[in-house]
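Thanks for asking me to look this over. Here are my notes, in numbered points, to read alongside the structure.

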Amino acid sequence: RRHTRFKCDWSSDVCSSDLVTDRFYLSPRWKHTRLMHLSKQPLCAMCQVMGVVTLGEIVDHIIPRSKGGADLDPTNLQTLCKRHHNIKTKREQQHS
């Protein structure tokens, strides 16, 4: 893993200001898993809970990989919009 500063690439769920990123998100396995997930679950899971329909852009690990969450297990993935992904990520960083 390495610390990197770069713009967001929502097509591969790579986004970092000071976040740790790794090559996993650039791998063919992740890209395939991400596309399959988005084709089955295109809407933001958190928006749906609130009764709002929003197209999701990010495939999020429910249990973060850094906390032992499975990389490619569909049961550990959810679709989120940018807003909800940022909220979840901030909350996780505050509790780590």
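**Notes on the model**

1. Let me start at the surface. Val49 has a relative accessibility of 73%, which means that this valine counts as exposed. Val49 belongs to helix H2, a run covering residues 45-49. Together with Met50 and Val52, Val49 makes a nonpolar surface patch of about 310 Å².

2. Please keep in mind that this is a predicted model. The average pLDDT of the protein is 85, and 78% of the residues score at least 70. Over residues 16-20 the pLDDT is below 50, although the model gives this stretch 13 contacts beyond near neighbours in sequence. Residues 1-8 also stay under 50 in pLDDT. For residues 1-8, the model has 22 contacts beyond four places in sequence. Where pLDDT is low, the predicted coordinates should not be read in detail.

3. Now the overall layout. The protein has three helices and six strands. Reading from the N terminus, the order of elements is β-β-β-β-α-α-β-β-α. Among contacts with a separation of 6 or more, 45% are between residues 24 or more positions apart.

4. On burial and surface, the protein has 96 residues, and 38% of them count as buried.

5. Cys44 is in no disulfide, and its nearest cysteine sulfur, in Cys47, is 3.6 Å away.

6. The cut-off behind both calls is a relative accessible area under 20%.

7. Finally, a look at helix H1, which spans residues 28-40 and includes Thr33. Thr33 has a relative accessible area of 16%, so this threonine is buried. Which residues does Thr33 contact, leaving aside its neighbours within four places in sequence? They are Leu72 and Leu77.

Technical notes: Residues numbered from 1 in each chain as written. Predicted model: local features only at pLDDT ≥ 70, side-chain atom pairs only at ≥ 80, totals over all residues. Heavy atoms only, no water. Disulfide = S-S within 2.5 Å. Patch = residues over 30% accessible without salt bridge, like charges linked within 9 Å, V, L, I, M, F, W, Y side chains within 5 Å. Areas by Shrake-Rupley, 256 points an atom, 1.4 Å probe, with all protein chains shown as cover. Salt bridge = Lys/Arg side-chain N within 4 Å of Asp/Glu carboxyl O. Helix = DSSP H or I, 4+ residues; strand = E, 2+ residues; numbered from the N terminus. Buried < 20%, exposed > 50% of the residue type's maximum accessible area, 1.4 Å probe, protein only. pLDDT = per-residue confidence, 0-100. Contact = heavy atoms within 4.5 Å.
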